[in-house]
Amino acid sequence: MHVLICGASVAGPVLAYWLRRNGHRVTVVERTPELRVGDGGQAVDILGPAVEVIDRMGLLPQLEAARTSTDTMTLIRPGRPDVTIEAAQLLAGVSDRHVEIMRGDLAKILYEATREHVTYTFGTTIEGLREHDGGVDATFSDGTRGTYDLVVGADGLHSGVRRLVFGPEEAYSHFLGGGLAVFSVPDFVGLAGRVLGYHTVDRAVALYPTRTPGRVRVVILFRGPRPDHRDPAAQRRLLREVCAGLGWQVPRLLEHLDAADDFYLDGISQIRLPSWSRGRVTLAGDAGYGPGPAVGGGSSLAVVGAYVLASELAAAGDDHAVAFPAYERAMADAVAASRTIGPSVLATLIPRSELQVWTMAQAMRLLPRLPGFLQRKLTSFGGGPAAMLNGVDLRPPVAPATL
Ligand SMILES: Cc1cc2nc3c(=O)[nH]c(=O)nc-3n(C[C@H](O)[C@H](O)[C@H](O)COP(=O)(O)OP(=O)(O)OC[C@H]3O[C@@H](n4cnc5c(N)ncnc54)[C@H](O)[C@@H]3O)c2cc1C
């Protein structure tokens, strides 16, 4: 088959790898003019079964080598003493196999592993899809056309393929009641290997290291109405309103907002489609079942979902009419679980009251004094994103271990 994939981030290249290994021709189109690596983007978590998929691709050494190295995490509260804890203690229960990595670094590893065997076209998007008995005709933004056996949208939360096939996003994007802003600033706090989090009612501001020396990433989570993700000027105004009155380093961070060329702000919403395949077109990763940015699990779902899609196609002898429903069934429990985890993680990350901030600080103080098994239990977030994937059946690969 010749398969067209839209999106070269996480789900797209993982799927491209496995389809290629199973003997198919693969073309990937990506909207950005080049691979979005920058200085890494946001940190994402590759958990349990997703680590296993990367391992089966022979890429575990590269993944491990690029993992982020956070030494400590500090909770900062207005008018109260800071609480610092070793990052390893706070993350002890997340998963037995857990690699935190910058999304851009992960995308680069996956791209490098596939680029020789897969056709990547950057700066291009799909403008039209028309299915017929022999395949799907695609028209591209660069004016070219092509016919493919299958088309997969791996183009994220605001997927263009999904809009073309399932209609406007408003119908199935479920807003979780908060927003998320990310931008980079000079490291005037001397961050080194630390993560600093300033928590107040309805707002949380965190500072993370980046791969670029002298730069740090600001992540701001806030509760409020759904922001417009398409209007950068309105987004910057909104962020200033959200942060009005906040202390600590926040006013200084905002001085760098206008100059930040990587500014991102979006509502925290999740995709709830009852079914994410139609005819010869299906979706993978955030496009089909994004649980919401920053609430955990999205990247691992993208890796595992892409693998499962390729293996269901192989198991069905490349009959998409059998494979796509099987793919959706195989992912159904994990996707359903991810939809419940998002709101509860968000409720933890953005405090609703001073009491909740106080409780967070007490829990962080207590944690290092507890025995290891209790530390793991308390930091597993009720099983959370890692547990949701444990039930997914990762069939053994059917093809030899090379592309
Ligand atoms: C700020 C932030 C923090 C996050 N934190 C975490 C975390 O801590 N843990 C975690 O697991 N996950 C986290 N996530 C979510 C994680 O980044 C996603 O779940 C994951 O990247 C999904 O991968 P994907 O390949 O499905 O989609 P994406 O990574 O969104 O990639 C989609 C790709 O498609 C391209 N594209 C988009 N539209 C088009 C189009 N029309 N045509 C062609 N190409 C297109 C994009 O440029 C992009 O390259 C976070 C996300 C954000 C934004």
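Predicted model: local features only at pLDDT ≥ 70, side-chain atom pairs only at ≥ 80, totals over all residues.
A polar contact here is a pair of N or O atoms within 3.5 Å.

A backbone N or O atom of R31 lies 3.1 Å from a nitrogen atom of the ligand. A11 contributes a polar backbone atom, 2.9 Å from an oxygen of the ligand. How much of the ligand's own accessible area does the protein cover? It covers 90% of 1,000 Å².

Who else is there? The shell counts 31 residues, and S9, E30, Q42, T125 and D286 come nearest. By class, 13 are nonpolar, 11 are polar and seven are charged. Three elements, β3 (43-47), β12 (173-186) and α10 (298-315), each supply at least two shell residues.

Now back to E30, and into the sheet. E30 stands opposite F122 in β7. The strands involved are β2, residues 25-30, and β7, paired in the parallel sense over four bridges. Look along β7, residues 119-122. Y120 and F122 point to one face and are buried.

The whole sheet is open, with six strands in the order β7-β2-β1-β11-β18-β17 and mixed pairing. Which strands stand at the edges? They are β7 and β17 (277-278); each has a single partner strand, so one side of each is left without a neighbour in the sheet. Further in, β1 (residues 2-6) runs parallel to β11 (residues 150-153), joined by four bridges. There, L4 has V151 as its bridge partner.

Last topic: charge pairs. The structure holds 13 salt bridges. Take D55 and R97, whose side chains meet at 3.3 Å, N to O. D55 sits in helix α2 (residues 48-56) and R97 in the loop between α4 (87-90) and β6 (98-102), so the pair ties together parts 42 residues apart in sequence. Buried or exposed? D55 is partly exposed, at 32% relative accessible area. R97 is partly exposed too, at 30%.

Another pair is R130 with D137, at 3.0 Å, N to O. D137 counts as partly exposed, at 22%. Then R230 meets D228 at 3.4 Å. R230 is exposed, at 61%, while D228 is partly exposed, at 40%. Finally, shared partners join E52, D55, R56 and R97 into one salt-bridge network.

Technical notes
Residues numbered from 1 in each chain as written. Heavy atoms only, no water. Buried < 20%, exposed > 50% of the residue type's maximum accessible area, 1.4 Å probe, protein only. Pairing = 2+ DSSP bridges. Near = heavy atom within 4 Å. Polar contact = N/O pair within 3.5 Å; in protein donor to acceptor, adjacent residues only side chain to side chain. Areas by Shrake-Rupley, 256 points an atom, 1.4 Å probe, with all protein chains shown as cover. Nonpolar A, V, L, I, M, F, W, Y, C, P; charged D, E, K, R; others polar. Salt bridge = Lys/Arg side-chain N within 4 Å of Asp/Glu carboxyl O.
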